[in-house]
Amino acid sequence: MELQFMGAVQTVTGSMHLLHANDETLLVDCGLYQGHRKEAEKKNRTLPFHAESIRNMILTHAHIDHSGNIPNLVKSGYDGNIFSTFATRDLCAIMLRDSAHIQEKDVEYVNKKNKKKGLPPVEPIYTTEDARKSLVYFVAWGYDRPFFVNSATRVRFVDAGHILGSTQVVVDVEENGKKRRILFSGDLGRKHLPILRDPAHVDEADYLVIESTYGGRYHHPIEDVDRELAKVINETVGRGGKIIVPAFSVGRTQELVYSLHLLMKDRKIPEIPIFVDSPLSVNATEVFRLHPECYDEEIKEEFLQNNEDPFGFSRLRYIRDVEESKKLNSYKGSCMIISASGMCEGGRILHHLKNNIENPKNTVLVVGYMAENTLGKRLVERSQVVKIFGEEYALRSQVVVMNSFSAHADRRDLLNYVKRLNKNRLKHIFIVHGDPDQSEALAEGLRQIGYPNASIPVLGEKYHLA
């Protein structure tokens with residue numbers, strides 16, 4: 001029985017973990033790697049294992065860094081089940097096709113430039129048709145309802161509270177009379193986030209694979225979110241500027257819309273136009289409306305009891321059409337534009353940044369994690385000049401980072417999560433899904449509270465589960 005780490009080790013993207021037992025291999029997540037374009041292209045195009053060698057797959061949630069290479073997996077020969085929650089399946093139905101569409105459009109743009117330079121054309125990693133075909137393999141399952149992927153491996157989904165449908169994965173395996181429980185945290189959420197329930201607790205595990213996105217950092221209190229958001233909006237509107245928000249289409253956009261709805265209801269911000277300019281965000285919001293079983297009590301009391309739509313109000317406009325999106329470039333006056341992708345690596349947000357970051361009246365509001373070597377990270381670092389579509393632009397707009405919006409557990413949350421597990425049973429902790437400094441910080445924190453067997457795997461490493 002072995003664990004093997006094929007992605008999201010000492011980085012936050014490209015999650016892929018393999019569990020080898022009983023001459024079968026179970027894959028947990030199959031995400032796209034995000035970073036340097038050439039490095040990402042190479043890693044994503046070539047899977048680090050033979051697709052045919054995988055018998056079953058478990059998906060923790062729909063974010064592209066966990067799900068985004070599933071079409072390539074199927075294209076490469078995988079024909080087993082892909083187990084997920086119902087909400088994750090529904091989100092993937094739109095997100096994987098959107099990922100393929102973005103790739104196709106980016107390749108189309110690049111090939112026009114390549115043709116002028118006499119360079120050969122390039123192909124997307126996978127197409128929209130590949131993404132559609134991969135959806136056939138999804139099998140949805142509910143929280144806290146155990147199921148068997150084979151006669152010796154039982155799986156249970158436990159709410160992770162990160163995005164709609166996100167789950168921790170409890171895997172119970174028996175091999176040669178030896179039983180082991182492996183707990184994959186997935187991406188853990190925070191307590192008291194709007195919309196979703198808090199992460200549930202698991203009490204027993206032999207081995208833990210835990211994320212460390214914010215393993216060395218503490219978030220501001222959730223209660224500060226609305227106050228900080230109102231301050232940014234009021235200051236930007238006061239100088240006649242626009243607020244440009246790169247936001248993940250799933251989770252962050254809906255949380256932001258929910259907060260804006262409450263702020264306008266309470267008249268804490270002016271009634272400026274708010275545009276959600278992302279077809280994926282529009283579709284994802286519809287999926288959120290389909291899954292009230294994932295909501296917490298607050299949203300039920302605030303909106304559902306009065307038959308109000310938490311994701312719709314008078315000043316909010318969802319944009320699907322490309323021509324409508326282009327009209328925003330010439331919009332006069334203050335407004336907020338929320339667009340994808342969250343790390344500014346593709347999609348319509350690039351056009352909005354290109355047209356707005358050179359104006360000091362405007363604000364780029366960062367409400368999510370930005371991985372190393374992404375345009376989003378360069379904005380966070382306030383680089384004087386950034387490249388968008390290969391052209392240089394001076395960053396003169398304000399850049400405000402609001403980590404309060406993070407849907408990831410912080411250092412305190414992660415340490416408390418581990419403390420809830422039976423310490424006498426827990427043999428080893430594997431720290432993944434974090435930049436090196438964050439993974440190291442979490443490892444050191446765990447050692448300080450009495451967990452010496454906490455380690456950070458290297459890419460491709462195998463660990464024998466004794």
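In this predicted model, lysine 117 is exposed, with a relative accessible area of 59%. A value over 50% is what places a residue in the exposed class. Lysine 117 lies in helix α4, which covers residues 86-117. Together with Lys112, Lys113 and Lys116, Lys117 forms a positive surface patch.

Backbone geometry was examined next. Most residues other than glycine have a negative phi, and most peptide bonds are trans. Asparagine 176 has a positive phi, near 50 degrees, although the residue is not glycine. Asparagine 176 is located in the loop that runs between strands β9 (167-175) and β10 (178-184). Its relative accessibility is 79%, so asparagine 176 counts as exposed.

A positive phi is also found at aspartate 144, where the angle is near 60 degrees, again in a residue other than glycine. Aspartate 144 belongs to the loop between β6 (138-140) and β7 (147-150). With a relative accessibility of 48%, aspartate 144 counts as partly exposed.

The peptide bond between alanine 340 and serine 341 is cis, with an omega of about 15 degrees. Serine 341 is part of the loop between strand β15 (336-339) and helix α11 (349-356).

Definitions and conventions:
Residues are numbered from 1 along each chain as its sequence is written. This is a predicted model: local features need pLDDT of at least 70, side-chain atom pairs count only at pLDDT 80 or more; totals for chains, interfaces and linings use all residues. Side-chain values use heavy atoms; hydrogens and water are left out. Helices (H or I, at least four residues) and strands (E, at least two) are DSSP runs, numbered from the N terminus. Buried means under 20% relative accessible area, exposed over 50%, partly exposed in between (1.4 Å probe, protein chains only). Patches are made of residues with over 30% relative accessible area and no salt bridge: like charges are joined within 9 Å, nonpolar side chains (Val, Leu, Ile, Met, Phe, Trp, Tyr) within 5 Å. Accessible areas come from the Shrake-Rupley method with a 1.4 Å probe; for residues, only the protein chains shown count as cover. A salt bridge is a side-chain nitrogen of Lys or Arg within 4 Å of a carboxyl oxygen of Asp or Glu. Lys and Arg count as positive and Asp and Glu as negative; His and the chain ends are not counted. The place of a charge is taken as NZ of Lys, CZ of Arg, CG of Asp or CD of Glu.
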